[in-house]
Structures are given as structure tokens and as C-alpha cells.
Amino acid sequence: MAGYLIKRILQMMGVLWVVSVVVFVMMSFTGDPTFMMVPLDSTEEEIAQARALLGLDKPFIVQYGIFLGNVLKGDFGRSFVFRQPAMRLIIERMPATMEMVLVAMAIAVVLAIPLGVFAGAYPQRPASRGIMVGSLLGISLPSFWVGMMLIFVLAVRFHLLPSSGRGPTEVFLGMKLSILTADGWRHIILPAVTLSFASLAILLRITRAGMMEVMKQDFIKFARAKGATFGSVLFKHALKNTLIPVVTIFGLQLGDLIAFATITETIFAWPGMGKLLIDSIYMTDRPVIVVYLMFVAFIFVVINFTVDVVYTVIDPRIKLR
Amino acid sequence: MQAIRSVIENFRASEMFHNYRRNASAVAGSGILAFFLFVVVFGPSLVAQNPYDIASLDLLDSYKPPAWMAGGDPRYLLGTDGQGRDILAGIIYGCRISLFIGLSGMFCSSVLGTLLGLLAGYYGGRLDSIIMRIADIQLSFPSMLIALFLMSAFKTGIDKILIALTAVGWVIYARTVRGSTLSEKQKEYVQAAVVAGLPNRKIILRHVLPNVLTPLIVVATIQVGSFILIEASLSFLGVGVPVTKPSLGLLIKNGFDVLFSGLWWTSVFPGAFIMLLVFGINLFGDFLRDELNPRLK
Amino acid sequence: MARPLLAVQGLKTHFHTFAGVIKAVDGVDFALGQGEIIGVVGESGGGKSVLGFSIIGLIDPPGRLEAGEIWFDGRRLDNLGEEQLRKIRGKDITMIFQDPMTSLNPLYTIQDQMEEVMKLHDNLNASQRRQRCIQLLKEVGIPEPESRLKNYPHQFSGGMRQRVIIAIALTLHPKLVIADEPTTALDVTIQAQILKMMRGLVKDHQTSLMLITHDLAVVAEMADTIIVMYCGRIVERGRNSDIIRGSRHPYTRGLLASIPKMTGHQRRLQQIPGMVPDVRSLPPGCSFAPRCEFSQDRCRAEAPRLIGVDAEHDVACHFPRER
């Protein structure tokens, strides 16, 4: 067990290292950041001085070395736009993104699993076919357009819900969360629903496909031959076997949600990491882009690891190796 | 001639065609695709205005609502945008761009991915390890994010979008093809070809490749739809197509800016078209998947 | 015989598929007494498994029981609803499948899966259930049963798994066990053990056993009565000795002759020429006629019916072979 953990941690660090290299290399293509730091009317000398200060006159490898050293200290530099440490900016905005992602995921799971089980167990019924067409529609929709439509109908036309922004927050475990306030929920509903669409559809389809395959297995017939009720056949025998692909996709979906949160936050002016990223891309605010990518890469790596551990809990045949 | 006729006859008698005709969604899906094919090919000639021709635009016509509403203009069926551009014309041209990007991206990804998968599967060893390692690392990140990241470095441009999509899309082909290649490699016909002295290249191209293609058909179909959506998202965020070549996604972005003023037609219609297009692709892809999947039989 | 436990009359189970109607079981009659072992023999695709599934009520669409009656212990089964059938399955009638590797749910312990039947049909408490599990595992010859209760299926070998499955089938003292090719997927050496164990258990508990297999040698060892099926119909039916030593149908004879002999002189393996016909387009007349070396015009024109050639020995052939 300890051996496995060490191996995995080394792997994760390896991946993060590769990501850091890629991010660094790509970012160096985005142009010379010196111009972001100095006033418009600087002289050539001042620019050269600034460049030396930023360490941009040194060889590429050295620059990377400095970068990596700083990263390991948690120092990603200061945002060009906000003049604050980039890391702090991300940390401040993380709870907003996380709560939206979690609410969206909860919506997706709570709806997708039962619907998927039903559609997989009774694939021929009209209701199942309707569910499948609906889910297909769900993955065909551009999420930002859905968000816009929801805003237009529910907020602009009918004034039922706020059209943008995050609600008031309460502090919990040192984080400011808006789901702890009633008005916070009014604000989070539309973005979370918008974000959940695609994941809901995908989870539903995976559950259904998994159920259909599992239902054809011999042990299902054997369970029926024992006289098991159809309910227990579905939820006890079949569903647990379906969970393995579902859990994989769940992990990937969590990553997707964080990625698509960038768009949702932009539409709803939600003050999370995603909106920060988009704004930073517009402003070519390199440090913030870098810290966002590294931070998010770290989250993904942890998610993948957790998913692998969850497998072993579900399926006794899988051993951690 | 006889051969073609017999192929068509076999197809019409086949189970796949039978299932197709009985399957409402398959027929609907291909109907939608046929519609879009029509739009893409004949659309521009049906619409009076070329939205890229600045000279043909009239600013006085800006933000006209759809023709059936009060204040609408019968010349502009779906209304106009801020520059007086006909929304319908914009959509028609936008469809072409979106579809072009989706198909080209799929094509490039599939070629690259299949090639890498064949090499990895056939030759094995270090080449295989390297390719698969990269694939694994890449797979732990959402494609949208990778594409966004690449485009944030590249800024806008259709060619750059294609590079980004290829960088994201090759993985699934490589993995699938590698798996199939590995199992085909064990089969006797490959060993027979090796013994007969055929050069590797010929073995791969003429013997292995045709047998690994079937699962790719479904993947490729679905990927076109997914690429169209990714491009739309990138364009919406401003890191997709350039302003001079608006795809449907960029049209929606333009519409977003005025949505809060109640000018809904600038975003509703382009979005509906993307949805319809991707939906049609997915319907058809779903049908293909169910037909070509032996495990569900 | 006294009132038979199981009586099947004119059973027809058809599958309505895209490519046509598959008449998997097309008019089958037989009876089985309490404590009797009946062997159902035939080539793959002959309808044997479908017969078993029809009796236990596990035929799913596009299959359907088209005609006939199934009488079990004085009740009709073929017209029962799913809920009533469910109460019978696992308790009065149980079934064993061919592949022990896939019959058990890989994610649950065998204790869970053994206790499932008990929880469904009986009301023992937890410790009673556990005791019964241990007792059953002992009966089927699993060493150190207490320590193996919490194991998962993948921790057992194929033969062991099949023993567990047999244990599950016998848990509630069913009146009838249907075994569909129970030893086909096992090593030959294990096969003999399992069969011997099954026979012993079944005779001890006075359970009836319907043994479905393509292997006549197995049936010769185990069964009291035998029915031979071909293309959904019974071609010969009778007591073990009648069939094995005195078969009258050319197909049965062909099956017997194709068993490799371990003693004596044998030059070539005998086989029945030709292949099983496409079940969707059976020839008119006797289904076996195309492959039968004795067939005549009448065989090809008219389908033979089962006629008694002896006490409790029936053959469906226009020209049954001499003894």
C-alpha cells in the first residue's frame, strides 16, 4: 500500500512537472511581458532595465529554472493587472468556482443515475427513448447558449432570478461560500444548472449503456433464476457493476466542469477562477494564467488518483499495484 | 456495374438498413444532416446579402427584429445585427465555417491519431511507451481546457484552431487504433504476411488498417460535433475564429453583448442552428454506434 | 408413474427476430417424476437450453411461449405472471448455467450471493443463514467453508465456483433443478467429480434434475430417462438403457457412434455428415432427413410423429432402425 502511494505520488509529480514545462514554453510565446510592466512612455533603457529585473534577459533554461524554483515555493509572481500575488488571487476565487461546480455535479448525479438506470433497464419503452433523445440534445447544446437563454427568459423577461453575479456569502472553514445563504442559492441556481447540462447528459448515457451491457450478463440471469425481484436485480446487481465506467466518467466530468466553468462564469459574471482566467487571457496577464493552469492541473491529478482509489472500493478484483 | 448493384442490394437487404428505416432518430439525424448539407452548398446563393461585403451593409438596418415581428423587415427573415448584417445570411456563412472547422479538425486528428496508433501498436517498445504516456497525460485534462490554453497563446485564427483541435483530438484515435493493432498483430493473416516477406509498411497499410477502421467511424462522427462545440466555445470566449470569419459561436458572442437589452434574435437563432447541427450529427452517430457495436447484439 | 412432478405438453417457444421466426422449441412433450433425473440431449442450437428457460419462465422478448402447457406439481406454469413465477424460482425450481465464471456477480461475496436466495424466500435469521451456508458448502465439497464465506468469486477456481452455484441451487430444497450444460466449461477431470457429486446430492434430497447437455456420455452416466432433441423437436425418448443400448433413431445412433471409444478397435472417428440446418428455414418433412443415410421420399415429405416402439420408448421416425 505504501509502495503504491509513493509510486502514485511520484507519477503525479512527474505529470505536474511536464505540465509546468509545457505551460512555461507556451507562455513564452505570448509576447514580451516587459511591456505590461512599464509605463507606455518608457525609454529604451528603462525597458531594458525592467527586462533585466524580470530576469528576461537570461537564457531560456535558466528562466525555466527560476520559474520552477518559485513555483515550488508557491510563488507565481504578481499579476500584471491586479498587482497582487497571482496565487492569492486564485485562492480567493477558488471557493466560488468550487461551490458552483459541486452544485452542478450534484444536480447531474441526482438526475442522471436514476434516469440512466431506468432507460437501461427498459430500453424499448417510449419514456426511455424520450430520455435518450433528451440526453442527446443535452450534449448537443452549447452550454453558453443555454446559459444565455436561461438568463434571457428567467431573468430579463420574467425577472424570476438574478441575471448575474454571486450571492452573499458566509464563512465556513475559512472559505466564503454563498450556498450557505438563501439569496446565495437564488444566484447559484442558474449557473449551476447551465453547467450541469452536459455532464448530466453524459452521465445518463454512460449509466444507460453500462446497464444495458450488464443486464445481458449471466449473473443477472442467475439472480433472476434465484427469484430476485426486478428492483434488486437492477439496483443491487446491475448498478454496482455499472458504477465502474460511471466513476471513471465522473472523474473526467469533474474536470470538464471546472473547464467549462470558465465559460459559465463569464456569462454570469461569477467571480470565480474561470472568469479570472478568461480576463487574464484578454489582458495577457501571464502569471495568473500560469497559476491557474498549474492549480487546475494539480486538481485533476488529485481527482484521477481519487478515482483509482474508489475503483478498488467498488471492485474487489482490482488491486492497487 | 453488377458489383455495384449487388452491393446496393446487399445493403438494402441488410439488417443495418432495416434498422435504419425503423429507427426514427437515425432517419431524423440524417435528415438534419442533409438539410445542413443543402445550407452549406446552396445557402449563399439563396441569400441576397453577403455579410462579409461591407459595401452591401446598411447601418440604418441594424438591429431589426425578425420579419414576423413588429418593426421587422421582410428582407431580413431572422433580423439583423448591430452592423445591419442579415442574421440568416450570417448563420448560413457561419454554418460553413463551423462545419469546415469541425470536419477538418476531425480529419487532421484522425490521420495523426491513427498513424500514431498504428506505429505504437505495431512496433511496440519505446515508441509505444512514449506515445501512450503522452496520451495518458493528455487524457487526464479536459480537451476544452487544453484547447483554451493553446488558443490563449495563439490568439485567433482558423489554422490555429485546427492545430489546437488536432492536438486535442488525436488521442482517442491513437488509443483505439493501438488496441486494435495489438490484437490484429497476433492474428494469423498478419503473421502470414510477415512470413511471406511483405515490407512492414505494406502490412500495416493494406492488412492491419482496414480491420481497425470500424470503431473509428463512430468516434469520428461524434468528434465532428464535439469539435464544432469546442470551436463555438472558444470563439465565444474570444480565442477562436477571427472576427472576419464569424462562425456560429462568434455570432452568439456578438449577440450576448446585446442580450440584456432584449435583442434576443441575434443569439437565439445562431445557437439554435448549432444545436440542430450537432444534434443531427449525434443522432446519426448514435445510430452508427448501436449498429456497429457487436457487444450489444 | 405416479403423478409426474413436471409435465410438458406441446410446448412451443418461438423467437420473432428481424430475420424470421426461430422455432427454438417446436412441440415438445415429456414428463418427469419426483426424484428422477432426465437428460436432454442434442447438438448446440437444438433448443435444449430454450426448453430449460421456458420451464423456469426466463424467456424474454423477442421470444415467447407460443403454445403448449407446462404443469409443475399440479400447477400450470406457462400462464403465470412474473410475480408468481418469481416466487417459484429459487425455491421450487432452480437453474444452473453453463459458465461458472460468469454466473456469479463479481462484486459480492459468495456468502452474500448464497444468502440472497434465503432472504428472498425464507425467514431465517442471520446466524441461521450463515450456518446453512456453511452446511451447504460442506455438502458440495468445499474445504474449510467458514473461511471462504467472505471470499469473492474470482478467488475460486472454475470447479469450485460451480460447486458454489450448485449449493445455491440446492439451498431451499427445490423440487426441480434445471442444469444447463453444468460441466461443459470445466476440465474433464473436474467434470466427473462434479457430476458424481450432483447425482449424489440429487438422489439424497429426492430432487428431480433436468440435465441439459450435448454430451451423451454424461447423460449415459447420470440420467434415468433421456430425451433426444433435434431442431426443436424430440426425436427419441425413453429410459436410459433403451436409449443408450437400444436406440432406434438414426440421429441418436449417430450421436452414440460419434463418442470416441476408449477400448477396442477404432479406426476413424464417426461423425454425422452435414450440419444442423438453419433453424429459420427448416425443410418440410423430417428435419433430420437431409443428413440421414436411411432417408426416403416419405421422410422428406412428411414430418414423423413420436410413436411408441416399446414400453416407455418413443421414436419420431418413419423407419426406426432395428434393435
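A residue is called buried here if 20 or more other C-beta atoms lie within 10 Å of its own, exposed if 12 or fewer, and partly exposed in between, with C-beta atoms placed from the backbone. The model is predicted: local features need pLDDT of at least 70, side-chain atom pairs count only at pLDDT 80 or more, and totals for chains, interfaces and linings use all residues. Residues are numbered from 1 along each chain as its sequence is written, while chains are lettered from A and ligands numbered from 1 in the order in which they are written.

**Stop 1: chain B, residues 87–123**

Of the 37 residues in H4(B), 26 are buried, so the helix is mostly covered. Its end C-alpha atoms are 53 Å apart, which agrees with the 54 Å that 37 residues should span at 1.5 Å a residue; the expected span is 1.5 Å times one less than the number of residues. Step on to Gly124(B), which follows H4(B) and has a positive phi, near 60°.

**Stop 2: chain B against chain A**

Now display chains A and B together. Two residues are in contact if their C-beta atoms, placed from the backbone, lie within 7 Å. The contact takes 36 residues from chain B and 39 residues from chain A. On the side of chain B that touches chain A, helices H6 (143–154), H10 (214–236), H11 (248–259) and H12 (265–292) of chain B each supply at least two residues. H12(B) gives the most, with 9 residues. This side of chain B divides into 24 nonpolar, 10 polar and 2 charged residues; Ala, Val, Leu, Ile, Met, Phe, Trp, Tyr, Cys and Pro count as nonpolar, Asp, Glu, Lys and Arg as charged, and the others, Gly among them, as polar.

**Stop 3: chain A**

Chain A holds 12 helices and 2 strands, and its C-alpha trace spans about 85 × 60 × 35 Å along its principal axes. Buried residues make up 41% of its 321 residues.

**Stop 4: chain A against chain C**

Bring in chain C. This contact takes 18 residues from chain A and 24 residues from chain C. On the side of chain A that touches chain C, the elements giving two or more residues are helix H9 (218–225) and helix H10 (230–268) of chain A. The largest share, 6 residues, comes from H9(A). By class, this side of chain A has 6 nonpolar, 5 polar and 7 charged residues.

**Stop 5: the sheet of chain C**

In chain C, 4 strands form an open antiparallel sheet in the order E2-E1-E4-E5; two strands pair if DSSP finds at least two bridges between them. Strands E2 (20–32) and E5 (75–76) of chain C are the edges, each pairing on one side only. A hairpin of 2 residues joins E1(C) to E2(C), and 10 bridges link these antiparallel strands. Select Leu6(C) to find Leu32(C) of E2(C) opposite. E1(C) (residues 6–17) also pairs with E4(C) (residues 63–72), over 8 antiparallel bridges; the bridge partner of His14(C) in E4(C) is Arg64(C).

**Stop 6: the core**

Finish with the largest nonpolar core, of 246 residues, where a nonpolar core is a set of buried Ala, Val, Leu, Ile, Met, Phe, Trp, Tyr and Cys residues joined through C-beta atoms within 7 Å. Tyr292(A), Ala147(B), Met210(C), Leu211(C) and Val228(C) touch the most other members.
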